[in-house]
Amino acid sequence: MALLSRSLRPAGVLAGLVLAALAGCSLVETLLPEAQPEPFAFSHRLHVEAAALACTDCHAPGPDGEPGWPAPADCARCHAEEASVPPERRVAALFEGERYRAARVGAQADEIVFAHAPHAASLDCASCHATVAADDGGLATLRGALVLSMDACLACHADHRAAPQEVDCAACHVEIRADRAPPSHALAWTSNHGLVARARSGARLDRCAMCHAESSCDACHQTQLPESHDNFFRRRGHGLQSSLDRASCDTCHDPDSCSRCHAETRPLSHTGSFGAPRDRHCLTCHEPLRSTSCGVCHADTPSHDLATPLPPDHVPSMNCRLCHGNGQPLPHVDNGQTCTSCHR
């Protein structure tokens, strides 16, 4: 169904353009009425529970082992008298000529490889279509009861040990297979795949692990840098990104890589009079606009431990400025920072 929805996208775009062109026209509601559920009068519940019919009474397997569909003459054996039945509930409403209207409702996508015969040999119909017997009419609900998800198939195969642990995609799929990229991997996929990988969507088509081992991400990005890693990123931008989203960096870089690189490459700010002897770097801390970025590389600075310690009767939660600087002289200018940053 996902592949089918992709193939219909151009038609959806065209429909959107038509709606936009008719936006101011009073004929829109007349030409495009609100979609209503397609009526379908057949009730499996009445036939299975009330009439006690078996699935094969109406869906006898054909020569190829696939379940068949009833013809108008088959239904007429029980529904010969319909004079008092509304037209929409008569047998003729279920057919288009000799063709049963719901014959394709439960059909899988064309790219699915499936045969009923080997499944019917060891399973009854309710094993896969348990909710069909309770269906009371309506093509939408019937479709949901007939079409199985891949998760349901894999769960059943695991319970019955009908397939090896390493499932070959080509055994069930024509297009979705390990040696062929899915339709989503077209156009700008190289640029956008990171967003899909990080979103961790539960949709099966978004699960990278179906085809790729987790180690393949590291192996690829060690030789193919992300597009964001341009020269500006290398010189300046990476520091800002790492401070905002360090987890993304850790996808490829171990935490020690920052220390190893900066041990040889000084930050661009560390130039001119930044360090000794003028020590302009002190201004990054000893100003009201204090920065904490030094701690990224400098976990400890012994000279900063020489400040006078707090007296025994002082606790860090006290407001120092209620006494110090308010009639009590300070040995240095009050720069507005927290006193206990130095006086511990």
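What share of the contacts in the protein chain with a separation of 6 or more comes from residues 24 or more positions apart? The answer is 60%, where contact means heavy atoms within 4.5 Å.

Hi everyone, a quick word on the ground rules. This is a predicted model, in which local features need pLDDT of at least 70 and side-chain atom pairs count only at pLDDT 80 or more, while totals for chains, interfaces and linings use all residues. Residues are numbered from 1 along each chain as its sequence is written, and side-chain values use heavy atoms, with hydrogens and water left out.

Now the overall picture. The protein chain has 14 helices and two strands; these are DSSP runs numbered from the N terminus, with helices being H or I of at least four residues and strands E of at least two. Of its 344 residues, 11% count as buried. Buried here is under 20% relative accessible area, exposed is over 50%, and partly exposed is in between, using a 1.4 Å probe and protein chains only.

Let's turn to the aromatic rings. Searching the whole structure gives two aromatic pairs. One of them is W69 with Y100, a stacked pair at 5.7 Å centre to centre with 25° between the planes. For pairing, ring centres of Phe, Tyr and Trp (its six-membered ring) lie within 6.5 Å; planes under 30 degrees apart are stacked, over 60 edge-to-face, and the rest tilted. W69 sits in the loop between α5 (55-58) and α6 (72-76) and Y100 in strand β2, so the pair ties together parts that are 31 residues apart in sequence. Y100 is buried at 7% relative accessibility, whereas W69 is partly exposed at 39%. Ring pairs also bring in F95, giving a cluster of W69, F95 and Y100.

Next, please find H173, in the loop between α9 (150-160) and α10 (189-199). Is H173 buried or exposed? Buried, with a relative accessible area of 12%. Its side chain makes a 2.8 Å polar contact with that of E111; a polar contact is a pair of N or O atoms within 3.5 Å, and within protein one must be able to donate a hydrogen and the other to accept it, with residues adjacent in sequence counting only if both atoms are side-chain atoms. Leaving aside residues up to four places away in sequence, H173 touches E111, I112, V113 and M150.

My last stop is G106, in the loop between β2 (99-100) and α7 (116-120). G106 is partly exposed, at 25% relative accessibility. Beyond residues up to four places away in sequence, G106 touches L146 and V147.
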